[in-house]
Amino acid sequence: MAAIRLYDTMAREKRVFEPADSRRVTLYVCGPTVYNRAHIGNARPAVVFDVLARLIRHVHGADSLAYARNVTDIDDKIIEAARQEKVDPSVITERYEGYYLEDMGTLGVEPPSIAPKATQNVGEMIAMIEQLIARGHAYEADGHVLFNVPSDTDYGALGRRDRDAMIAGARVEIASYKKDPADFVLWKPSDPDVIGWDSPWGRGRPGWHIECSAMIERHLGRTIDIHGGGLDLIFPHHENEIAQSRCAHGAPLARYWLHNGFVSMAGSEKMSKSLGNVVTVADLLEQGHKGEILRFALLSAHYRQPLEWSDTLLAQSRSTLDRLYRAVADAEVGEVDPKFVDALADDLNTPLAISRLSAIEDAPTLKASGILMGLFGQSSSGWFQGSGDSRIDDLIAARTRAKKDRDFIEADRIRDDLVAEGVLLEDGPAGTIWRRA
C-alpha cells in the first residue's frame, strides 16, 4: 500500500498521512457561498480535493472516506442578492447551489459524502456558542456574541503570525462593543425583514466561522483527519475555526491542514469576484472547452503553487489530452500504475503524475491510472468525434448553410480554418461530424 505524504500547513512540512482510523478517514473542505456563479479559481479546491478523495479511497478502500464539503447559505451577500431580486434568500441559494453542482460535475468532481448546509445546522451552532460562553471564551454585547481572542493563548498557530500582524493584514471589523479589536462575531442580530433564528441572545443569525466548526463536530467528529481549503482561508477563517473548536472541546480541530494556491488571470493578480478579474466555469464551457480540459488545466500545476490561467494553458491541456485519448484507444481498464500512485501520494504531485501518464505504454494501465485522477470520462471515439463544442458546431452549421447556398468558397474557408486548428470534418448521409486530428 502506498504511503500518502501531505504538506501540513500547521507543521510547515510534509508528513506521512496516518488517519486516526483508516476504516473511516475524515476530510472536510470549505465549500461554496452560493450567491453567484463559480469562477475557475473557485473550482480549483473542488478539483484538488476530489483527487485527494480518489487517492484516499484507492489506498484505504472504496468505503474508507467520510468527505464533507459544506454549503454556506447564510451570508450578507446572499441577503443582498435576495433583496435586489425581491425574493427569499432560499431562491438565490438553491439556484446557485444547483449551478455549482452542475459546473463541478462537468469538471469530473464527484459529490462529497456529506454536503451540510449552514441553515440546517443552526441549532448545533447555538449549542457551540453556549459552550464557548460557559467556558469564558465568548461574551454577549449589544445583541452580538463574540469570541474573545485573548482568551485563547494559542491563537495564530496556523498562520504563525502574531495577532497584531494578522489583524493588520486582514479586514477586521472595528466595533465599539468589542472587548478586543481581534474579537470576531459568533452571532449577530437580524432585522425583522432579514433571515434569522431565535436564540438565547435574541433573533439573529450565525457568523461565518462558527458554521464550519459546528458542522464538523456534528457530521465528522470533534477532531478530523484533514481540513482543506484555499490559501486565502488560513486567516481569518481557519484560524478562527481552530480557536472555536479547541476552546469548546479542548481538542484540536484537525490533524492535517491542506491549502491550495491561487489562480490568477495571465498578467493579473489573484482571481477574485471583488476585483472583477474572473472567468466563470460556465463562461469557459460556453466557449467550447470541455470540462475535462478545464480539470486537466487545474491539475497541471502543483496544488500548493499559484496557477496562471490563459488560453495557452487551455490549448496545451487539450493537446495533451488528445494524445492520451489516442493512446488509450478505447482499451479495457487495467491495473493502476504504481509509479503513478507514488506521484499522487507525494503530496498530490499532479505534474509528476501527468508526466508519468505520458510514459505508460500499456493502454489498459494508462486508462486505469488516468481514471484515478478523474480523466478519461469519455470513450476515445467520443472524445474525438465532435460534440459538446458549441463554437465548432456553429461553424459546421454555417458551412452547411454556405454549401446549401452554393457558396463553396465560404464553405471551403470554414473547412480550412477548422483543419488548421486540428479539426477534421467527415461529411455523410446523416450530416457532418467532426473529430480532432
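How are α1 and α9 oriented to each other, roughly parallel or roughly perpendicular? The structure is a predicted model, in which local features require pLDDT of at least 70, side-chain atom pairs count only at pLDDT 80 or more, and totals for chains, interfaces and linings use all residues. Residues are numbered from 1 along each chain as its sequence is written, and side-chain values use heavy atoms, with hydrogens and water left out.

Helix α1 (residues 40-60) and helix α9 (residues 291-299) pack at an angle of about 80°, and their axes lie 10 Å apart. Helices (H or I, at least four residues) and strands (E, at least two) are DSSP runs numbered from the N terminus. Axes are lines fitted to C-alpha atoms, for helices over the stretch in contact, and angles run from 0 to 180 degrees between N-to-C directions. The two helices α1 and α9 are therefore roughly perpendicular to each other, the class for angles of 65 to 115 degrees, whereas those under 35 count as roughly parallel, those over 145 as roughly antiparallel and the rest as oblique. On the α1 side the contact (heavy atoms within 4.5 Å) involves I40, A43, R44, V47, D50, V51 and R54, and on the α9 side L294, R295, L298 and L299. These residues comprise seven nonpolar, no polar and four charged; Ala, Val, Leu, Ile, Met, Phe, Trp, Tyr, Cys and Pro count as nonpolar, Asp, Glu, Lys and Arg as charged, and the others, Gly among them, as polar.

The largest nonpolar core contains 65 residues, and those with the most contacts inside it are I40, L52, I226, L298, W309 and M373. Helix α1 gives the most to this core, with 12 residues. Such a core is a set of buried Ala, Val, Leu, Ile, Met, Phe, Trp, Tyr and Cys residues joined through side-chain atoms within 4.5 Å, where buried means under 20% relative accessible area, exposed over 50%, and partly exposed in between (1.4 Å probe, protein chains only). Neighbours within four places in sequence aside, the contacts of M373 include V51, R54, R295, L299, F340 and L344. A second, separate core of 24 residues includes I126, M128, A243 and A248.

Strand β3 (residues 25-29) is joined to the parallel strand β9 (residues 224-230) by three bridges, with V29 partnered by G228 in β9. Six bridges link β9 and β10 in the parallel sense, and G230 stands opposite N260 in β10. Six of the seven residues of β10 are buried.

Helix α7 contains Q244, which is buried, with a relative accessible area of 0%. With neighbours within four places in sequence left aside, Q244 is in contact with L132, F147, F184, L186, H209, I210 and S213.

In helix α11 (residues 338-345), the buried residues are F340, V341, A343, L344 and A345. These buried residues pack against β1 (5-8), α1, α12 (350-359) and α13 (363-372). Just after α11, D347 adopts a positive phi of about 55°.

Methods:
Two strands pair if DSSP finds at least two bridges between them.
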